[in-house]
Amino acid sequence: MKLKKQVTVCGGAIFCVAVFSLYLMLDRVQHDPARRQNAGNFPKSQISVLQNRIEQLEQLLEENHQIISHIKDSVLELTDTGAVAPSGQLPFRSANGSWVLPFDGRPAFLSVMPQDCQFAQSKRKDPELQMLDVYSLLKFDNMDGGVWKQGFEITYEPNEWDSEDLQVFVVPHSHNDPGWVKTFDKYYTDQTQHILNNMLTKLTEDPRRKFIWSEISFFVKWWESVDAQKQEAMRRLILGGQLEMVTGGWVMTDEANVHYFAMIDQLIEGHQWLERHIGLNPRSGWAVDPFGHSATMPYLLKRANLTSMLIQRVHYSIKKHMAATRNLEFMWRQAWDLGSSTDIFCHMMPFYSYDVPHTCGPDPKICCQFDFKRLPGGRVNCPWKVPPRAVVEANVAERASLLLDQYRKKSKLFRSKVVLVPLGDDFRYDKALEWDQQYLNYQRLFDYMNSHPEMHVHAQFGTLTEYFNAVYKAKGVTPGTRPPDYPVLSGDFFAYADREDHYWSGYYTSRPFYKNFDRVLESHLRGAEILYSLAVAHARHLGMEGRYPVSDYAHLTDARRNIGLFQHHDAITGTAKEIVVIDYGARLLRSLIGLKKVIINAAHFLTLKNKDLYRFYQTEPFLETDERRATQDSLPQRTLIEMDPSPRYLVVFNPVEQERLCLVTILVNSPRVRVLTEDGQSLAAQLSAQWSSPTEMSSDGYQLSFTARLPALGLSVFHLYDSADSPLTLRSDSLLRLSGRTQAGRAVDPLQLRTQAADDHRFYIRSRSLTLGFSGATGLLETIRRTGDPQEVKVHMEFFIYGTRPSKDKSGAYLFLPDGKPKHYTQRQPPVVRVVEGPLFSEVVSHHQHFQITVRIHNIPGVDGLSLDITTMVDIRDQANKELSMRLVTDIQSEDTFFTDLNGFQIQPRRFYKKLPLQANFYPMPTMAYIQDSQYRLTLHTAQALGVTSLDSGQLEVILDRRLMQDDNRGLGQGLKDNKRTANRFRILLERRAGANKHAGFFATLSSLFHFLISHIFGGGADEALGSDTVSFPSLLSYMTSAILNHEVLALPVLPKKRGIPPLRTFSPLGGTLPCDVHLLNLRSIQGQQDNSPSPHTALILHRRGLECSTEAQNLGFNCSTTQGRLAVSSLFQGLDLHLLQPMSLSFMYSGMPLANTSTLRLDPMEISTFRLKLR
């Protein structure tokens, strides 16, 4: 009772101070002479002054509101139900079953400047083409278009080119997949090396010959296998303009499942190699094979200083519409752009494919006759039964006239008299004969056309950039600038369909095991990059560079390239042959092992209190890894920490750039473990079981979870003791809910296990922030109630099964062709439901035949405790042609609108269209999807890319895994039959919208009044506040929830040493706190002149996120503030001196003028900014 009174008095005193401060602020504003000027007749010069003062006051009001709310929450928590600890110690369980934990006395505040919320609300100029509107407009009726089946008849007048000749650029190319039906190495050995060898020979023979190349991964492998003479000859071809490197990424990345961290990283890896070895900067993007196109890609290319780009795989109805309106070339603008700074010129190929029959013009029967690889006698022929003919003097006039007709018809779809004609296909030009067949026959055609002025055409071989430059020149604009009358487009191009109702929405989920593995690798790569860069910088600062294992850079290079390789559009997509998937998996596992070594070595050096004691032994690691994977297709297993009489030490790495209050879970062999901080403070811990089956505890160790406050990007040190006296280590309470089963559970001492007959009554688990209701029959989630809310929200979790069509066209690795609406998942036996409750976390585990779902909540303040931690363990290996989905059914009135992310970078609003088939309404979900109404927003965060939809109002549905027994006729030649036991991880976040704020009292009313006055006195404000339905942003809490899901802490045990453990201390790298709307995307050591060694420079990549402020603010558990994008880098890294601060393009190929080291950066919302640093 004494504790209760003390806390209540303290809270009340602070509340009074806050209210008095608020009174003074109001009084100050009221007596401000500027406010009384002209008795309310505000001159124009005073508008901005008044606006700023109102915004400042609103911010102060909000801060006071937050502080008071957090004090109130703390008081309520400690005085909950009047419970008092029997012994006066914490933690203890109160009368209503909730746990009361030791109070974390550190203050935590949330301070978001009003200006940082305005970006989301700002009015944007509508583009001429908004893809949401285009989708609403089109009928998607697939009418027969004649020779151009998916288009229409194209006609022209013969004299249309009399005043301006048609310019034709024929661009030879070879699309090389870095793994698909063959492995990367097998493709290289069988085909790619011959393509590049022939390229060197054949381009040298005639300077008029041109070629483009995209996949730098293959090019590097070739480069490293040839002598210096061939390297120099290839360099001359590139710098001389005969061979163009397009895009320049490590691969032609997928755009649906990839995360923008990996998209950027593979682009950097390719561009940096080109700059070091060739001295080249790519100018144009080339993406002919990704299965749909994301709006993120044009933004990244623009930030890398590319001026133009090309895309191909777009829904055939979209292509037809764009062609009919001559909008196939456009400026692609980000939906969130307030101006035009993100615009990049984009060319959309109009026809079915990028192969030769579909690139010269609308009639594939004619175009195929000009694919001279298909000349009679070869292995490839024309499906239209009219073969090519070699061009000779006797037929050149007829052949040239026939081909020119196609060129002219194609040009009618565009706004310039310049036409692009790609000439190539998958792995073309691997034989010297094809080079001669294509180049010699086309050159005869060009020579004839160009020598006959009456044809009004100039045709030539060209590169992609030469084509774009010709368009810019014809329109009288500089490269990259919007030509007159060309439209602006915003949006993306998902889902892709190539014919009929064949939607490529299956690959959003195909092989989810590897999609999850990829995300784990990306988090490890980012963490390793940051720790390595910091460790090397500190070693240089201390003059110890020679003693630190700088050679770890080779592990970073290997991981960058293997993760980059996996971003290929047949890798992360899950659309490669089984043997190729195994090869990708082996590469990823090798890189994961290497990255863990980098992290361990950096953590060893950085946590050592006395660096003079530092010794690195390759064969004697200082730390163990947190977990291990036995094979590339196995799930990770935690490292067992074996306790003994001497203390064990644990180093925990927080990869997130904000301080983190979270649960750390380790595996120990003793139930008597006591956890202490570095300074000896005991921590609350929860002991729980490992489970060998749904009803039996494992005797192979215990899970120990404890609360930890970890510094941003830092390393914390904890002590573990095997101690019988562990008052803060409490045991979980485990209960089995069994339905008519006779088997009993098995417990492991000292943990207890109770059993109970299941019934249909709903049961609950609780934490300080959430109360969850579960079905008594299935153990599946049914309701969520946030603490303080008057009522619970329906969130029914249901599982469904999709089949595939009985006809010849069936679902496969690419396509999703369901046999109608899904059926409820059913099984013969009722599930086993396990309920585990404790002071730090509680969970419900529901065991079904083909999946096991765990719903866990953490009983700690802040981000980690505000959402539901979900794991679905899926195993459908005994199924045939089945796809398992998880559906959340709520009362949220979302109507036909839902939201998915693009590459973890931005949010794309979606609509459910009844006019489209079910499979057309699925979209990629790399990191999150949400639905909302005026009351609530429900976000499903994911740790792996999966397909998602909302088939009805209030629903979100995600495909968890798919097992398909046949090929879907897109070239793979296999079904999906190599399924793994897969752990899909999610977080469910329920947020109250500001319009439904339960505190709609003084603060909310005052804020609304200010906005009302501004909008009505000065006009226009109401419209601006509404914003646009084509733009949406996550909240700060949502961003942080995604971060903790995708960047788990790494708990690294210190290995026992015979000579003892030298003193360790927590490493906190940041000198201050980053604004919490700024994400540190990477701190990447730049490669030196020699391979596998770093230069003295580091790349700092920052992303300032756009914020949604309409959700109710929550206590994030750490100090969070925004600064309108202002950041001082000189004081960012503690203990290091900044010697260079230089703005760079995204891939470091273009440099700005160096800034003063003391400069304050100004980052714009949503922009990614890159800087070259020199830290010592």
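Cys360 is buried, at a relative accessible area of 3%, where buried denotes under 20% relative accessible area, exposed over 50% and partly exposed the range in between (1.4 Å probe, protein chains only). The model is predicted, so local features require pLDDT of at least 70 and side-chain atom pairs count only at pLDDT 80 or more, whereas totals for chains, interfaces and linings use all residues. Residues are numbered from 1 along each chain as its sequence is written, and side-chain values use heavy atoms, with hydrogens and water left out.

## Disulfides

The structure holds 4 disulfides, a disulfide being a pair of cysteine sulfur atoms within 2.5 Å. Such a link is a covalent bond between the sulfur atoms of two cysteines. When the bonded cysteines of the protein are numbered in sequence order, the pairing reads 1-7, 2-3, 4-5, 6-8.

| Disulfide | S to S distance | Torsion about the S-S bond |
|---|---|---|
| Cys117 and Cys1109 | 2.0 Å | -85 degrees |
| Cys360 and Cys367 | 2.0 Å | -90 degrees |
| Cys368 and Cys382 | 2.0 Å | about -105 degrees |

The link of Cys117 and Cys1109 is left-handed. Cys117 belongs to helix α4 (residues 114–121) and Cys1109 to the loop between β49 (1094–1104) and β50 (1120–1121), so this pair ties together parts that are 992 residues apart in sequence. Helices (H or I, at least four residues) and strands (E, at least two) are DSSP runs, numbered from the N terminus. Cys117 counts as buried at 13% relative accessibility, whereas Cys1109 is partly exposed with a relative accessible area of 30%.

The link of Cys360 and Cys367 is also left-handed. The disulfide of Cys368 and Cys382 is left-handed because its torsion is about -105 degrees. Both Cys368 and Cys382 lie in the loop between α12 (364–367) and α13 (396–411), 14 residues apart, and both are buried.

Cys346 is buried at 0% relative accessibility, and Cys662 is buried at 4%.

Thr804 is located in the loop between β32 (793–802) and β33 (823–824). With a relative accessible area of 11%, Thr804 is buried. Which backbone atoms does the side chain of Thr804 reach? One is the backbone nitrogen of Ser811, at 2.8 Å, and another is the backbone oxygen of Leu817, at 3.1 Å. A polar contact is defined as a pair of N or O atoms within 3.5 Å; within protein, one must be able to donate a hydrogen and the other to accept it, and residues adjacent in sequence count only if both atoms are side-chain atoms. Not counting residues up to four places away in sequence, Thr804 touches Lys810, Ser811, Leu817, Pro818, Asp819, Asn881 and Gln966, where contact means heavy atoms within 4.5 Å.

Ser505 occupies the loop between β16 (502–503) and α16 (512–541). Ser505 counts as buried at 5% relative accessibility. Its side chain reaches the backbone oxygen of Gln919 at 2.9 Å. Leaving aside neighbours within four places in sequence, Ser505 is in contact with Tyr814, Phe816, Gln919 and Phe922. Ser505 and Ser811 are 306 residues apart along the chain, and their C-alpha atoms are separated by 9.9 Å.

## Strand pairing

Strand β31 (residues 781–786) is mostly covered, with 5 of its 6 residues buried. Strands β30 (residues 770–774) and β31 run antiparallel and are joined by 5 bridges; two strands pair if DSSP finds at least two bridges between them. Phe774 stands opposite Leu781 in β31. The hairpin of β30 and β31 has 6 residues between the strands, and Gly779 in the turn has a positive phi of about 75 degrees.

Strands β31 and β32 also run antiparallel, joined by 2 bridges, with Ile784 opposite Val793 in β32. Their hairpin has 6 residues between the strands, and there Gly788 takes a positive phi near 95 degrees.

Elsewhere, 5 strands form an open sheet of mixed pairing in the order β19-β21-β24-β23-β26. Its edge strands, β19 (640–641) and β26 (729–731), each pair on one side only. Strand β19 runs parallel to β21 (residues 660–668), with 2 bridges joining them, and Leu640 has Leu667 as its bridge partner in β21.
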